[in-house]
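Reader: I am new to this structure and would like a close look at a single part of it. Please describe the whole briefly, then settle on one residue and say where it sits and what surrounds it.

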Amino acid sequence: SDFFKCPQYMQRAYLQHWGSSRPSVHLHAGGAFASSLEAARRAFYDNDCNEAESLRLGLEALIKFYGPVQFEPTKNGDKSLDNVIRAYDSYFQRYPLSSDPIKPFKLANGKSMIEFTFSIPTEVMHPDTGQPILYGGRSDMIGILNEALFVTDEKTATSLGEQWANQWELESQFTGYIAASKVYGYPVAGALIRGIGLLKTKITHQEAILYRSDWEIERWWQQLHRDIRRMVACYKEGVWDYALSKNSCAAYGGCTFKILCTTQHPEQWLPIHFRQKHWN
């Protein structure tokens, strides 16, 4: 997605490992919320804790993940620690652990599929190592709903408008989740997405259920390979294009690297405004 948005962005973020010196409030709040759901579910479904104790452990994980970091108030929504806690409470009032219609799928060893992490080799070789470039990801859960398997993912957002559910209809992230689940031997029927809107005055919820036919998955797989080959071509040429457009530079509040594109000599600003973070 970032390569589509701007190849130059991909180079800075993923090949040179530059990132903002401060964490994103949106990513940080989303990570804290996801960690709380995982902890509560593991306690309840795998460790035989009762509902109250499971919720306590989930809340503890949320607060520990969020930590003492302070963010400036955002113009829209509220992703402060207090409001993420309110969202956590609201989520489990709406979807109680004991009566949630979707429950984690259990493996033969008794372990619940509360986290599904995958890595699939593509047919494109890495130009340096000669090894297949991997397509990987992580969904929050593979669950059972009405006796069918669904990949499940939670999305925190500022607000959930009328078009919230529609934005996922062609989203490749969930096509990839469904395809990967089938490669790993889980015949999922589709994907269930739960949205949590963190407004300043209330917490809102929405659900979207997606299905992908075999031809849609095959189209995604072929398109993925064409896109990766474009990335490899940029890498070999050593030229990463600029997408100088409001749809890239100003989207979602503005590009992290915008300051680099407004100066003739961007390299001198990198160590001042950014820090390198190497993903393992």
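Author: The protein, shown here as a predicted model, has 10 helices and 9 strands. Its C-alpha trace spans about 60 × 45 × 35 Å along the principal axes. The radius of gyration is 20 Å, which agrees with the value near 19 Å that a compact globule of 280 residues would have. Contacts also say something about how the chain is arranged: among those between residues at least 6 apart in sequence, 70% join residues at least 24 apart.

The surface comes next. Of the 280 residues, 41% count as buried.

Ser181 lies in helix α6, which covers residues 172-183. Ser181 counts as buried because its relative accessible area is 0%, and the cut-off for buried is under 20%. As for what surrounds it, leaving aside residues up to four places away in sequence, Ser181 touches Phe116, Ile142, Val151, Tyr186 and Val188. To put the part together: Ser181 belongs to helix α6, has a relative accessible area of 0%, and has Phe116 and Tyr186 among the residues it touches.

Definitions and conventions:
Residues are numbered from 1 along each chain as its sequence is written. This is a predicted model: local features need pLDDT of at least 70, side-chain atom pairs count only at pLDDT 80 or more; totals for chains, interfaces and linings use all residues. Side-chain values use heavy atoms; hydrogens and water are left out. Helices (H or I, at least four residues) and strands (E, at least two) are DSSP runs, numbered from the N terminus. The radius of gyration is taken over C-alpha atoms; the globule rule is 2.2 Å times the number of residues to the power 0.38. Buried means under 20% relative accessible area, exposed over 50%, partly exposed in between (1.4 Å probe, protein chains only). Contact means heavy atoms within 4.5 Å.
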